[in-house]
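Please read the text below with the sequence and the structure side by side.

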Amino acid sequence: MAPAAPLEAAPVILRVFRGSPGGPERFDVFRVAVGPHTTVLDALVRLREEAAPDLAFRYACRVGMCGSCAMVVEGRERWACRTRLAAVAAGGPREPTVTVRPLYHLPLVRDLVVGMEPFVARMRAAGAAFVPAPPVAAAAAVAPIPAGSRERRAIDAAVECIGCGACLSACSMVGWNPAFLGPAALNRAWTLEADRRDAGAAGRRPAVLGEAGVLRCHGQAQCTAVCPMELSPADSIRRLRRGAVARLLAGRA
Amino acid sequence: MDGTRGAPTTFRRGWTDAGSWRGARAGLWAWLLQRTAAIALLGVVALHLRNPFVRTVQALLLGLVLLHALLGVRAILLDVGLPGRLHRGLFAGALVLAAALFALVWWWRWY
């Protein structure tokens with residue numbers, strides 16, 4: 001087990017959202033000792049071991065790979081496992097304080113845990129599955145796109161989404177219009193649109209270019225600002241739009 | 001979902017909750033500023049049509065038109081293919097250019 005944070009470290013006040021659907025909601029306040037590398041997740045794990053055994057939060061890899069610990073830390077969507085408390089603690093005249101709450105726009109399960117069903121439903125609605133171009137049996141249908149090619153670079157820039165939900169939470173347009181497919185699903189649609197081996201574009205376009213699709217994005221790029229994988233769903237959405245306009249101008253809409 | 005749970009609770013950022021605004025970044029402020037300028041212009045244009053010789057209204061009209069137009073140019077440039085990583089610079093550029101053009105037109109006005 002990793003050594004605990006040094007006790008001489010400065011304490012931080014950690015405000016943690018507690019609540020269940022339909023039940024009372026509150027912020028519990030804890031004083032936690034924080035070393036220079038203590039992450040939000042480290043602090044939550046310690047709280048659950050020592051002070052709040054019923055505190056619910058989700059995590060798996062602890063090393064910034066899986067995205068399951070995404071939550072809103074100090075007003076911004078972040079990975080709890082890669083966010084150092086000392087770096088985000090609001091200073092000033094009062095004691096350094098960090099407020100942690102569940103992601104927005106996803107249904108609360110308990111405390112810091114949200115259900116990912118709406119995220120998955122958006123992926124499905126956007127046709128996020130790869131549809132092999134015929135003939136499926138031909139090796140060419142699934143052959144790798146050459147590394148370094150323009151097509152590969154375009155896809156690589158958007159393909160590493162780990163489904164953490166941070167972008168969906170940060171998107172103010174999803175807040176206004178819950179039917180909006182949102183950044184992650186449209187980003188995924190772009191990676192498939194850019195892939196010549198995929199044959200699902202025609203089936204995908206009614207949703208992607210429809211009333212709840214790319215038109216609902218207002219280019220605020222909040223999604224891009226919070227993406228822990230440093231993807232830019234905002235750019236992907238613009239590419240989908242440009243593609244639609246190009247097809248329209250070419251009479252192929 | 002189990003049947004014993006209460007009604008689903010889905011949080012969204014509230015306009016009046018200061019904590020909700022802490023996550024706002026440049027792109028959101030640019031969008032909000034452009035929309036605010038558009039709405040403000042509706043009133044300022046009406047005032048200007050009623051009496052075109054009020055200096056304050058003239059200044060407001062000029063400032064808001066510049067702000068709205070240049071932020072619109074920023075959005076168009078991003079839409080036609082400028083990389084999204086430039087959006088903060090474009091936002092700053094639009095604000096600086098709006099201020100510069102305002103100063104130029106206001107202090108060198110020809111009437």
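Are Arg204(A) and Asp198(A) buried or exposed? Both residues are buried. The model is a predicted one, and every value quoted here was computed from it. Buried means that the relative accessible area is under 20%, while exposed means that it is over 50%. The side chains of Arg204(A) and Asp198(A) also meet in a salt bridge, with 2.9 Å from N to O. Side chains of opposite charge can pair when their charged atoms come close.

Arg204(A) belongs to helix 8 of chain A, which covers residues 201–208. In this helix Ala201(A), Arg204(A) and Val208(A) are buried. Seen down the axis of helix 8 of chain A, the buried residues fall within an arc of 65°, so they line one face of the helix. An α-helix has 3.6 residues a turn, so residues three or four places apart point the same way. On the other side of helix 8 of chain A are Ala202(A), Gly203(A) and Pro206(A), which are exposed. The cover over the buried residues of helix 8 of chain A includes helix 7 (182–193) and helix 10 (233–249) of chain A.

The side chains of Arg205(A) and Glu193(A) meet in it, at 2.7 Å from N to O. This pair links distant parts of the chain, for Arg205(A) lies in helix 8 of chain A and Glu193(A) in helix 7 of chain A, 12 residues apart. Arg205(A) has a relative accessible area of 24% and is partly exposed. Glu193(A), with 25% relative accessibility, counts as partly exposed too.

In it, the side chain of Arg196(A) meets that of Glu151(A), with 2.7 Å from N to O. Arg196(A) is in the loop between helix 7 and helix 8 of chain A, whereas Glu151(A) is in helix 4 (residues 150–156) of chain A, so that the pair links distant parts of the chain, 45 residues apart. How accessible are the two partners? Arg196(A) has a relative accessible area of 55% and is exposed, because this is over 50%. Glu151(A) stands at 19% and counts as buried, because this is under 20%.

These pairs are part of a longer list. Over all chains, the structure holds 19 salt bridges. Some residues are joined in a network of salt bridges: Arg18(A), Arg26(A), Asp28(A), Asp54(A), Arg110(A) and Asp111(A).

A search of the whole structure finds seven aromatic pairs over all chains. Trp15(B) and Trp21(B) form one that is tilted, with 5.2 Å from centre to centre and 55° between the planes. Trp15(B) is partly exposed at 48% relative accessibility, and Trp21(B) is partly exposed at 25%. How are the rings of Phe102(B) and Trp106(B) arranged? Their centres are 5.9 Å apart and their planes are at 15°, so the pair is stacked. Phe102(B) and Trp106(B) both lie in helix 4 (residues 87–107) of chain B, four residues apart, which is about one turn of the helix. Phe102(B) is partly exposed, with a relative accessible area of 23%, whereas Trp106(B) is buried, with 12%. Ring pairs also link Trp176(A), Trp15(B), Trp21(B) and Trp29(B) into a cluster.

The charged end of Arg15(A) sits over the ring of Phe27(A), 4.6 Å from its centre. Arg101(A) lies over the face of Phe11(B), at 4.8 Å from the ring centre.

The last stop is the interface. Here 33 residues of chain A are in contact with 29 residues of chain B. The area buried between chain A and chain B is about 2600 Å², and carbon and sulfur atoms give 49% of it. Which residues of chain A lose the most area to chain B? They are Tyr104(A), Gln220(A) and Gln222(A), which together account for 19% of what that side buries. Across the interface of chain A and chain B there are four salt bridges. The side chains of Asp79(B) and Arg241(A) also meet in a salt bridge, at 3.4 Å from N to O.

Technical notes
Residues are numbered from 1 along each chain as its sequence is written. Chains are lettered from A and ligands numbered from 1 in the order in which they are written. This is a predicted model: local features need pLDDT of at least 70, side-chain atom pairs count only at pLDDT 80 or more; totals for chains, interfaces and linings use all residues. Side-chain values use heavy atoms; hydrogens and water are left out. Buried means under 20% relative accessible area, exposed over 50%, partly exposed in between (1.4 Å probe, protein chains only). Helices (H or I, at least four residues) and strands (E, at least two) are DSSP runs, numbered from the N terminus. The arc is that of the directions from the helix axis to the C-beta atoms. Contact means heavy atoms within 4.5 Å. Rings of Phe, Tyr and Trp (its six-membered ring) pair if their centres lie within 6.5 Å; planes under 30 degrees apart count as stacked, over 60 as edge-to-face and the rest as tilted. A charge sits over a ring if NZ of Lys or CZ of Arg is within 6 Å of the ring centre and within 35 degrees of the ring normal. Buried area is the accessible area (1.4 Å probe) that two parts lose on being put together, summed over both.
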